[in-house]
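Q: I am new to this structure. Can you show me how to read its features, one at a time?

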Amino acid sequence: MIKQALIGEFEHEAESTRTLLSMIPDSALKYRPQPHLWSVAELASHIAQVYNWYDVTFNKDRFEMSNYKYDKGDISKASNILRKFESNLKVARAAIEKSDESQYMNEWSMTMNGNLAFPAMPKIQVIRGFLFNHLYHHRGELISHLRATGNKVPSLYGPNYEESKEMAQ
């Protein structure tokens, strides 16, 4: 039952992520609100990349970051980022589907060169926080970046600002 609930949320939220990523114009990709923050392209690429972490989270009890190769891909066009998202999404969906729900309470940890980098906790907590909520957090950042560049943003959890104004009239 937990697995089915996670798949349902995953599918719903993946569609929201797809909608958001598909609304990024190439003209906004280089926008960076402050020098130390990610650009729209880097942030969108990171969102797409998080889906690549599902297998090591759902189907392993430890994630050794020093063995992981972060690949932001070609971020020169929004369509490239969306293509990367679609590819990683398939891998993530397969990871959830093959996962064993009886293992969701196993202790999971992230290490870097053998040293604890992420506190050990039940895998289900990591799935919700490290994967699902992590994506929602970065989607919110991306929406803020797009708003700052004057671009449209999707309504993900009800009407967006423009839709709310229209409804109030």
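This is a predicted model: local features need pLDDT of at least 70, side-chain atom pairs count only at pLDDT 80 or more; totals for chains, interfaces and linings use all residues.

Q: Which residues of H2 and H5 meet?
A: From H2, they include Leu43, Ala44 and Ile47. From H5, they include Leu131, Leu135 and Leu142. By class, this contact of H2 with H5 has 9 nonpolar, 4 polar and 2 charged residues.

Q: Ser45 is in helix H2 too. Is Ser45 buried or exposed?
A: Buried means under 20% relative accessibility. Ser45 has 1%, so it counts as buried. Beyond its neighbours within four places in sequence, Ser45 contacts Tyr70, Lys72, Ile75, Ile81 and Lys84.

Q: Now the sheet. What is the order of its strands?
A: Strands of a sheet pair through backbone hydrogen bonds, either parallel or antiparallel. This open sheet has 3 strands in the order E1-E2-E3, and its pairing is mixed. E1 and E3 stand at the edges with a single partner strand each, so one side of each has no neighbour in the sheet.

Q: How many bridges join E2 to E3?
A: There are 5, and these two strands run antiparallel. Thr111 stands opposite Leu116 in E3.

Q: Which helix packs on the sheet?
A: Helix H5 does, touching E1, E2 and E3. The direction of H5 makes about 110 degrees with that of E3.

Technical notes
Residues are numbered from 1 along each chain as its sequence is written. Side-chain values use heavy atoms; hydrogens and water are left out. Helices (H or I, at least four residues) and strands (E, at least two) are DSSP runs, numbered from the N terminus. Buried means under 20% relative accessible area, exposed over 50%, partly exposed in between (1.4 Å probe, protein chains only). Contact means heavy atoms within 4.5 Å. Two strands pair if DSSP finds at least two bridges between them. Axes are lines fitted to C-alpha atoms, for helices over the stretch in contact, and angles run from 0 to 180 degrees between N-to-C directions. Ala, Val, Leu, Ile, Met, Phe, Trp, Tyr, Cys and Pro count as nonpolar, Asp, Glu, Lys and Arg as charged, and the others, Gly among them, as polar.
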